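Please keep the sequence and the 3D view at hand while reading.

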Amino acid sequence: MYRIEVDPHTHSVISLHAYSTVEECARHAAERGLRGMAVTDHCSLIMAQREHSVEAISNQRVLPDEMYGVRVWKGVEIDIVDFEGRLAFEDRPDEFHPEKTGAELLLSSRDFVIASIHTPFDRDRGTVEQNTAMYLAVLRNPYVDVLGHTGRSRHAYELSPVLLEAKRLGKAIELNNSSLENSAAVSAKPCRAIAEACRDLGVPVTVSSDCHSAFGIGRFSAVERLLWELGFPEELIVNRTRESFEAFLEGRRRRLAALAGA
Ligand SMILES: [Zn+2]
Ligand SMILES: [Zn+2]
């Protein structure tokens, strides 16, 4: 079996439909032998917290970087809102810092950013061409590190161009345990195809719980089973150790430093 030390996708009460505090998540993470976790609450125009999500998540600075021996990275899971690959709050000036958009303000100061689709912005879920272009645009957003649960969002896309672009840019594709455990009917087939293509193309992935309660932190078993069946190379899992995840985030820091200097 795989040994995975970091859970890179977790939700706290700040997401409103999740049930544990960051401290509870960290305590459970420590008990499960994890060495790191990223707090990635939802930044969304549609889900419960709406307008307050930029403000609420920006205040992660009050949290320590380490709790119970677990490194806690301050991240976010932000909504993709259209086929152009725009993200939530990308088109609105921030309430307190109107010289920046809400998205820019929030994403530029996070350790880690996942971009995912939650509420459908198109009833028909788009064409494969539209979705492929959308995911390419999201990957080219310098603030985004990972495409979240693309296997369960029902926006089918062409795998090779998207996965290879992620690889070229030093980004990762998420393999989400919750997708396989809680919505297997929709997700099992696409998730398997994505994992297989990542294996064949050598594309980095994150393996995550996407837990909405501390009791689910570090739960990766459904993805691990799939990876085991596929003979998936461990070195492509960027969160396999605290150090490998640090190295992945170092790529983000370099990218953003280059952007600031440009
Ligand atoms: Zn999500
Ligand atoms: Zn999530």
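## Strands β7 and β8

Strand β7 (residues 172-176) and strand β8 pair in the parallel sense over 4 bridges, where two strands count as paired if DSSP finds at least two bridges between them. Helices (H or I, at least four residues) and strands (E, at least two) are DSSP runs, numbered from the N terminus. Within this pairing, Ile173 has Val205 as its bridge partner in β8. Strand β8 (residues 205-208) is covered on both faces, with Val205 and Val207 buried on one side and Thr206 and Ser208 buried on the other. Here buried means under 20% relative accessible area, exposed means over 50%, and partly exposed lies in between (1.4 Å probe, protein chains only).

## How the model is read

This is a predicted model, in which local features need pLDDT of at least 70 and side-chain atom pairs count only at pLDDT 80 or more, while totals for chains, interfaces and linings use all residues. Residues are numbered from 1 along each chain as its sequence is written, chains are lettered from A and ligands numbered from 1 in the order in which they are written, and side-chain values use heavy atoms, with hydrogens and water left out.

Of the 10 residues in β4, 10 are buried. On one side these are Val70, Val72, Lys74, Val76 and Ile78, and on the other Arg71, Trp73, Gly75, Glu77 and Asp79.

Which strands pair with β4? Strands β2 and β4 run parallel and are joined by 8 bridges, with Val76 in β4 as the bridge partner of Asp41. Strand β5 (residues 112-116) also runs parallel to β4, with 5 bridges between them, and in this pair Ile78 stands opposite Ala115 of β5. Strand β3 (residues 66-67), in contrast, is antiparallel to β4 and joined to it by 2 bridges, with Met67 opposite Val70 of β4. The hairpin of β3 and β4 has 2 residues between the strands, and Tyr68 in this hairpin takes a positive phi near 50 degrees.

## The zinc site

The zinc ion (ligand 1) is coordinated by Glu77 (OE), His118 (NE2) and His149 (NE2), at 2.1 to 2.2 Å. Donors are N, O and S atoms within 2.8 Å of the metal (3.2 Å for Na, K and Ca), and water is not among the atoms, so sites may look incomplete. The donor residues of the zinc ion (ligand 1) follow the spacing E-x40-H-x30-H in sequence. Glu77 lies in strand β4 (residues 70-79) and His149 in the loop between β6 (146-147) and α5 (159-168), so this pair ties together parts that are 72 residues apart in sequence.

Glu77 is buried at 0% relative accessibility, and His149 is buried too, with a relative accessible area of 2%. Glu77 also coordinates the zinc ion (ligand 2), which is 3.3 Å from the zinc ion (ligand 1).

## Helices α4 and α5

The axes of helix α4 (residues 128-139) and α5 come within 9 Å and cross at roughly 5 degrees, which makes the two helices roughly parallel. Axes are lines fitted to C-alpha atoms, for helices over the stretch in contact, and angles run from 0 to 180 degrees between N-to-C directions; those under 35 degrees count as roughly parallel, over 145 as roughly antiparallel, 65 to 115 as roughly perpendicular and the rest as oblique.

Thr132, Tyr135, Leu136 and Leu139 of α4 meet Pro161, Val162, Glu165 and Ala166 of α5, where contact means heavy atoms within 4.5 Å.
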